[in-house]
Amino acid sequence: MANLDLIIRNANVATSENRFVCDIGVVAGQICQIGEINQTADEELDATGFLITPGGVDSHCHVEQISSNGIWTADDWFSASRSAVCGGTTTIIPFACQHRGQSLRQVVNDYHDLATPKAACDYAFHLIVSDPTEQVLGQELPSLIKAGYTSFKIYLTYDALKLSDREFLDVLAVARREGAMVMVHAENNDMIMWMAERLLAAGLADPRYHATARPMLVEREATHRTISMAELVDVPVLIVHVSGAEAIEQIKWAQNRGLKVFAETCPQYLFLTEDDLDRPGLEGAKYMCSPPPRDKANQEIVWQALEEGVFEVFSSDHAPYRFDDPKGKLAAGESPHFKQIANGVPGIETRMTLLMSEGVNKGRLSLQEFVALTSTNAAKLYGLHPRKGDITEGSDADFILWDMNKEVTISQELLHDAMDYTPYQDFKVKGWPIMTYLRGKKICDSGNFFGRAGEGQFLECGRPPALDLPTNLPTRFDPAVGKFRA
Ligand code: DUC
Ligand code: ZN
Ligand code: ZN
């Protein structure tokens, strides 16, 4: 008699720690047995020939988010989650983004209203705090943290979103006291604005000048400032979308001093360069994101930092704006200057295959490192592990079945988002996610999507474990609680 829902037989599994061959038994969406299974199930799959890894956790993506200049991302919750699962990602952590004057609680409710009917994969939220009023710091953040929103992003650039250093410290102190991780977009706003004004005054308005306005030192300065702020309050921070050498130097310096500094990088810093912004006409707009892609030498340094373990997570920073669309990159008209073009590139579906192909299949990363970077570490960092990011008894039955030898030329037609381009058009990859299972249900097979809008579940995040690292305050006075320590 069948008593399990699903058995995957002859599973060749890679987790962030192990490799093993086993049968995997699933009941009610969770892994209930790993080993040799002598029972039967309603559904059985012989996985011979595939590699199985945990479903991806993409901890940085923007879904149905309105930018401060009023442009919506192209993907809604349905198309973004469909695209995620077809690329092997079963959990996403987008942002509930507060704009100034808004109640953070109301913002979170509004994002839930968008996500609940449409999400086809599981999801949690990070908060974006752009208006840390007394109400936000004293009431909304503490109660949201208790309700499972245990990470927030703050910006040091963009006039409409950026926090002053004092506001940044206030947010860090709340994170320490209440138990949350802070993610930081580290670029110096005044330097960027000052450069941009001068470029535009000189008539230099094409997409490529977006990169000129944001040289690496702009990121280096803000990265160092972030590290110092976090050190003062003794709270873990994660520096998002790190683009190259100078920021990496700062992060390594902090990590070598034992500071609680984590870092993320993204495909655009491994596979795109500043030269892409210089493509003919306005084509360069397709590659505009912040920080901008750098050069080949910096790509190599990002690779080395991935190999050395400087980065905790490899996220997509999926921020999709269509190109040939009056509501997309060119919303400001047919000849916008670079400051008027929405920042961001899509990548939620291509993230895992790109790293599998160029990292694992080319021998730069081990399979364990790949799984850690694309799934397990994000689940751990944001309090979702072991439910997500692992293949172990009790975890959700989220898997990817990979054909490690399949060669694919990426093209927009293969993808499942709502975009009209991919920055990775014509890239050749080896290693492709063939099947994706979400909580024991096959939701993608060979590019065919079988999921349903609304079947994704909201995940409350737990206390980030990094908060429990040993105390390391620079003075005996603890500024987060306003007392001298004993
Ligand atoms: N920051 C992001 O995190 N994503 C897209 C653009 C940006 O500036
Ligand atoms: Zn950012
Ligand atoms: Zn982002």
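## Basis

In this predicted model, local features need pLDDT of at least 70 and side-chain atom pairs count only at pLDDT 80 or more, while totals for chains, interfaces and linings use all residues. Residues are numbered from 1 along each chain as its sequence is written, chains are lettered from A and ligands numbered from 1 in the order in which they are written, and side-chain values use heavy atoms, with hydrogens and water left out.

Donors are N, O and S atoms within 2.8 Å of the metal (3.2 Å for Na, K and Ca); water is not among the atoms, so sites may look incomplete. Lys-153 sits in strand β10 (residues 151-155), and His-241 in the loop between β12 (237-239) and α8 (245-256). This pair links distant parts of the chain, 88 residues apart. Helices (H or I, at least four residues) and strands (E, at least two) are DSSP runs, numbered from the N terminus.

Lys-153 is buried, at 1% relative accessibility. His-241 is buried too, at 2%. Buried means under 20% relative accessible area, exposed over 50%, and partly exposed in between (1.4 Å probe, protein chains only).

## Zinc ion (ligand 3)

The zinc ion (ligand 3) is 4.1 Å from the zinc ion (ligand 2). Its protein donors are His-60 (NE2), His-62 (NE2) and Asp-317 (OD), at 1.9 to 2.0 Å. Their spacing in sequence is H-x1-H-x254-D. His-60 belongs to strand β6 (residues 56-61), whereas Asp-317 is in the loop between β14 and α11; 257 residues separate this pair. His-60 is buried at 0% relative accessible area. Asp-317 is buried at 7%.

## Helix packing

Helix α3 (residues 134-146) packs on helix α4 (residues 165-178) at about 45 degrees, with axes 10 Å apart. That makes α3 oblique to α4. Axes are lines fitted to C-alpha atoms, for helices over the stretch in contact, and angles run from 0 to 180 degrees between N-to-C directions. Angles under 35 degrees count as roughly parallel, over 145 as roughly antiparallel, 65 to 115 as roughly perpendicular and the rest as oblique. Leu-137, Leu-141, Pro-142, Ile-145 and Lys-146 in α3 meet Asp-170, Val-171, Val-174 and Glu-178 in α4. Contact means heavy atoms within 4.5 Å.

Helix α2 (residues 104-115) packs against α3 at about 35 degrees, with axes 9 Å apart. Here Leu-104, Arg-105 and Val-108 in α2 meet Val-136, Glu-140, Leu-141 and Leu-144 in α3.

## Backbone and loops

Two peptide bonds are described as cis. One runs from Ser-290 to Pro-291, with omega near -10 degrees. Pro-291 is in the loop between α9 (268-271) and α10 (296-308). The other runs from His-385 to Pro-386, with omega near 10 degrees. Pro-386 is in the loop between α12 (367-381) and β15 (399-409).

Ala-28 has a positive phi, near 50 degrees. Ala-28 is in the loop between β2 (19-27) and β3 (30-35) and is exposed at 65%. Glu-64 also has a positive phi, near 45 degrees. Glu-64 lies in the loop between β6 and α1 (77-86), and is buried at 11%.
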